[in-house]
Amino acid sequence: MAKPKKKSGREIFALGAEAVVEGALLAGCSFYAGYPITPSSEIMEGMASRLPGTSDGVFVQMEDEIASMGAVIGASLAGRKAMTATSGPGFSLMQEFIGYGCMIEAPLVIVNVMRGGPSTGLPTSPAQADVQQARWGTHGDHSVIVLSASDVQECLAMTVTAFNFAERYRTPVILLLDEITAHTREKITVPTPDSFEILYRLQPSMPPEWYKPFEETVRGVPPMPPLGAGYRYHVTGLTHDPLGFPTQRPDEIVALLERQFRKIDQFFFDIQLADEIETADAEIVVVAYGSVARSAQLAVAQAREKGVKAGLLKLKTLFPFPRTKLERLAPHCKILVVPEMNMGQMSREVKRVNTGQFAVRTINRVDGQIITPAEILKVLRRR
Amino acid sequence: MKKQPQIQLDRFEICLSGLGGQGVQTLGKILGQALALGHSYYVTQTQSYGPEARGGASRSDLVISSHPISYPKTDKIDLLVALSQEACNRYFGLLKPGGALMVNTSLVKQIPTNRFLGLPFTDLAQDRLGLPQAMNTIVLGAITFLLPFAKRTVIKKSLEETLPAKIRPVNVKALNLGHREAEKRFTDLPTQWGGEESGD
């Protein structure tokens, strides 16, 4: 995870959305294509005003979200760090191209600021109902990284992390925010550019005639030169061989798909991020993400004051689901509480990895309001 | 901004509410920025509004504390600013006992309590400045007078940094007008703010 190496930089009072813009620019993003939609528009506005001022930044307003994703993939192939931001309805439109991005292994970042759904739903109200869509929205077996942030400073850090993961693993990374996180203003420190570790995609070290764009490597991530750099490159959404051309051979099909999973699976320790707050001796642990994690933090503090041994596991990586973080709680924790602004999407994952160690309690709210600390505290105190 | 000494606060909650288009969000941003950057408080400012560009309910919540803030929304409000009748009706119930209510008496005609601080903000903007859009800055001036932990110079700096040069002079005038009017009319000021009882 990207951590500031030293504490310096300028202080600003900024929206979560503005912090995403700062993070993207720090990470070296030089291309943004998008279509505005509440509550993500502030990200687009920020990129529109900031990107053209950078040395090679390009900002394009596209005709819709489908085209936006297409442009982002194109920019990524051309060697740029590219991103887009949207909300539920736009995210649905992007799904086909997200699958294409996974198949051709294009590093890119998609920010989805979740609002109430389904369909047009509640444009200005928060929700967390796109969690399973972020993982499984596009068709076919694919691996993808889904991250989340709960406060404004974290919006900045997780955006940098999203770009780093995209570049390191050659994959689309989805950053899921919610309306509250994106529309909360807080004082944050924008670190200096050299205070983060910034990663770039692997470049080929072989001469062009030896280069195979989808070749097996130790990490499972083939090097990726920009189009036009002299390396022959073919990309297709069809299942392809190491040269990038369509194949029907079973051995090549399975090699491709297994590599695409393995490149992420074998680095779970690097990718699966979560913050543990007072979990060391906790008997009851809240598993939360996004703005709800902030309610949970207050609820846990209040529960501790009342003598309940409560803790909080704040998920920053949603997928691949940080299973080991939960398993480590098992010796002392008997109950997990999963509050979320949907009908129960992350609690499905928690229940999936639970092999009987925990009782799982859910708190679900779908009325466009945040889950309050009092609601969580009530469940923490019910023994 | 230059750092100012601060009074210790533990989750002081302000709810600014009114109609979409009255400048509630801008007001929240300027106030929050002044307290966060100028006075070095931990501040969260959240917003809530309907899909309409104008009209409909608009609300901006600020939590101000000397300690890091976990829950960013307001829970028990210390200061409720209601700029429309609808906002006053809807949020009065969230005011904590001993909290202060400030209303725009131009638009709020039925006030649910007789302990309130009232100024005709809309009329002041129209009659004294000839500019109804400056209403929110007059409110900001009155809030500045009310809050013991907000300095007028700091608020003014934040205001000037946020607004484009073209409208700065009239807004500084509006800020001073709000402060002056509040000084004149707010006699029954809260002496004990309820900021201490809630824990974070």
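Student: Hi! What should I know about this model before I start?
Tutor: It is a predicted model, where local features need pLDDT of at least 70, side-chain atom pairs count only at pLDDT 80 or more, and totals for chains, interfaces and linings use all residues. Residues are numbered from 1 along each chain as its sequence is written, chains are lettered from A and ligands numbered from 1 in the order in which they are written, and side-chain values use heavy atoms, leaving out hydrogens and water.

Student: Which domains does chain A have?
Tutor: The assignment (automatic or from a database) gives domain 1 (10-195) and domain 2 (274-381). Their centres, taken over C-alpha atoms, are 26 Å apart.

Student: How many residues does each give to the contact?
Tutor: Domain 1 of chain A gives 26 and domain 2 of chain A gives 23, with contact meaning heavy atoms within 4.5 Å.

Student: And how many salt bridges are there between them?
Tutor: Two; the term means a side-chain nitrogen of Lys or Arg within 4 Å of a carboxyl oxygen of Asp or Glu. Elsewhere in my notes, A:Glu186 and A:Arg294 form a salt bridge through their side chains, at 2.8 Å from N to O.

Student: New topic: how many residues are in the largest nonpolar core?
Tutor: It has 50. Such a core is a set of buried (under 20% relative accessible area, 1.4 Å probe, protein chains only) Ala, Val, Leu, Ile, Met, Phe, Trp, Tyr and Cys residues joined through side-chain atoms within 4.5 Å.

Student: Where does that core lie?
Tutor: Domain 1 and domain 2 of chain A both give residues to this core, so it lies between them.

Student: What does A:Leu326 touch?
Tutor: Not counting residues up to four places away in sequence, its contacts include A:Val287, A:Leu336 and A:Phe358.
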